[in-house]
Amino acid sequence: MFLNQLSTAGAKPALAAMFRFAGARQQSLAHNIANFDTPNFRPADADPRRFQAQLGEALDRRRARTGGAHGSLGIRASREVRQLASGDLEITPRTATGNVLFHDRNNRDLERMMQDMVENASMYRMVSDLMRRRSGQLGAAIGERVA
Amino acid sequence: MYGALDVSTSGMVAQRTRMATIAANIANSRTLLNSAGEYEPYRRRVAHFAPGDPSAGTKGGRRMGVHVREIEAVEDALRRRFDPSNPYADERGYVMVPDINTTTEQINAMQASRAYEANVVAAETSKTMMAQALRLLA
């Protein structure tokens, strides 16, 4: 029980959800880049701002439910992101990210795709650093060490 | 995350195949005979891509990514050249030769090369993200 509270305390569930989202989004961004010159292909992405709004709502609900910053997050399904029973996130990219339509009926925008990928990787790195720091703090507390 | 690597790999494989097709077009821009030594001018090949990669190892990889659906030999990619001394010329002195514009092929090669690089960058990014995730365990 105590260990369970430790793993769902504070921002940890939100960090884990963001970590999963960025990991899953990387796959859809790689898919867009791989189909960069596939005729008729229309790139689509999952909107991170919309997911952050979903996450914010889930945190508000948790606060109302438990009265404090602990407990697991129940992220409500949207048209792009759905939480599975395992806690993993299933992403169905629907947000159009295209440019003007080219002669092969592909509306790619490579610069924007690469920018999105860099932003997503930065987000992933930031979240993973925060998670590592929190784990380190927990380890220090358990080991009765001063950080 | 491993699915993301599969997706980028499928992009690299597709672009490499396209590059091989372009290289074959340039190499055979003056080829008049087939491999059996018969008169059959080389026809320009074009690689057609389609989303999804049936050869991927993961479910995500099969649903996503890209693959070469077909390498088409363009039927009408021949032109007539006046060359009466050519042993394959017709009675009016014309011989059918491959209609391959090497400048166009070189531009296509540049595009394939850039697309390959974009996939390499995507794979590198996925790899870095995996390393980040593994650092959580250390």
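**Entry 1: Gly71(A)**

I looked up which residues Gly71(A) touches, leaving aside its neighbours within four places in sequence, and found Thr8(A), Arg62(A), Arg65(A) and Thr66(A). I count two residues as in contact if their C-beta atoms, placed from the backbone, lie within 7 Å. Gly71(A) sits in the loop between α3 (48–66) and β2 (81–83) of chain A. Helices here are DSSP runs of H or I with at least four residues, strands are runs of E with at least two, and both are numbered from the N terminus. Gly71(A) is partly exposed, because 17 other C-beta atoms lie within 10 Å. The cut-offs, with C-beta atoms placed from the backbone, are 20 or more other C-beta atoms within 10 Å for buried, 12 or fewer for exposed, and anything in between for partly exposed. I also noted that the C-alpha atoms of Gly71(A) and Leu59(A), 12 residues apart along the chain, are separated by 9.7 Å.

**Entry 2: Basis of the entries**

I am reading a predicted model, in which local features need pLDDT of at least 70, side-chain atom pairs count only at pLDDT 80 or more, and totals for chains, interfaces and linings use all residues. Residues are numbered from 1 along each chain as its sequence is written, while chains are lettered from A and ligands numbered from 1 in the order in which they are written.

**Entry 3: Chain A as a whole**

Chain A contains 4 helices and 4 strands, which follow the pattern α-α-β-α-β-β-β-α along the sequence. The C-alpha trace of chain A spans about 65 × 30 × 20 Å along its principal axes. Of its 147 residues, 32% are buried. Among contacts in chain A with a separation of 6 or more, 67% are between residues 24 or more positions apart.

**Entry 4: Helix α2 of chain A**

I checked the length of helix α2 (residues 12–34) of chain A: at 1.5 Å a residue its 23 residues should span 33 Å, and its end C-alpha atoms are 33 Å apart, so the two agree. The expected span is 1.5 Å times one less than the number of residues. Is α2(A) mostly covered or mostly uncovered? I find α2(A) mostly covered, with 20 of its 23 residues buried.

**Entry 5: Two positive phi values**

Most residues other than glycine have a negative phi. Asn40(A), however, has a positive phi near 70 degrees. Asn40(A) is placed in the loop between α2 and β1 (44–45) of chain A, and is exposed, because 12 other C-beta atoms lie within 10 Å. Arg105(A), also not a glycine, has a positive phi of about 60 degrees. Arg105(A) belongs to the loop between β4 (95–96) and α4 of chain A, and is exposed, with 11 other C-beta atoms within 10 Å.

**Entry 6: Chain B as a whole**

For chain B I recorded 3 helices and 4 strands, in the order α-β-α-β-β-β-α. Its radius of gyration is 21 Å, whereas a compact globule of 138 residues would have one near 14 Å. The C-alpha trace of chain B spans about 80 × 25 × 20 Å along its principal axes. Buried residues account for 28% of the 138 in chain B. The 34 residues of α3(B) should span 50 Å at 1.5 Å a residue, and the end C-alpha atoms are 49 Å apart, which agrees. The buried residues of α3(B) include Asn108(B), Ala112(B), Ala115(B) and Asn119(B).

**Entry 7: Where the chains meet**

I found 28 residues of chain B in contact with 21 residues of chain A. On the side of chain B that touches chain A, two or more residues come from each of α1 (2–27), β1 (45–51) and α3 (102–135) of chain B. α3(B) gives the most, with 13 residues. That side of chain B divides into 15 nonpolar, 12 polar and 1 charged. In this classing Ala, Val, Leu, Ile, Met, Phe, Trp, Tyr, Cys and Pro are nonpolar, Asp, Glu, Lys and Arg are charged, and the others, Gly among them, are polar.

How do helix α4 (residues 110–142) of chain A and α3(B) lie at their crossing? Their axes come within 9 Å and cross at roughly 10 degrees, so α4(A) is roughly parallel to α3(B). Axes are lines fitted to C-alpha atoms, for helices over the stretch in contact, with angles from 0 to 180 degrees between N-to-C directions. Angles under 35 degrees count as roughly parallel, over 145 as roughly antiparallel, 65 to 115 as roughly perpendicular and the rest as oblique. Among the residues that meet, α4(A) gives Leu110(A), Met114(A) and Tyr124(A), and α3(B) gives Val121(B), Thr125(B) and Met129(B). The contact of α4(A) with α3(B) has 10 nonpolar, 4 polar and 3 charged residues.

Note on methods
Rg over C-alpha atoms; globule rule 2.2 N^0.38 Å.
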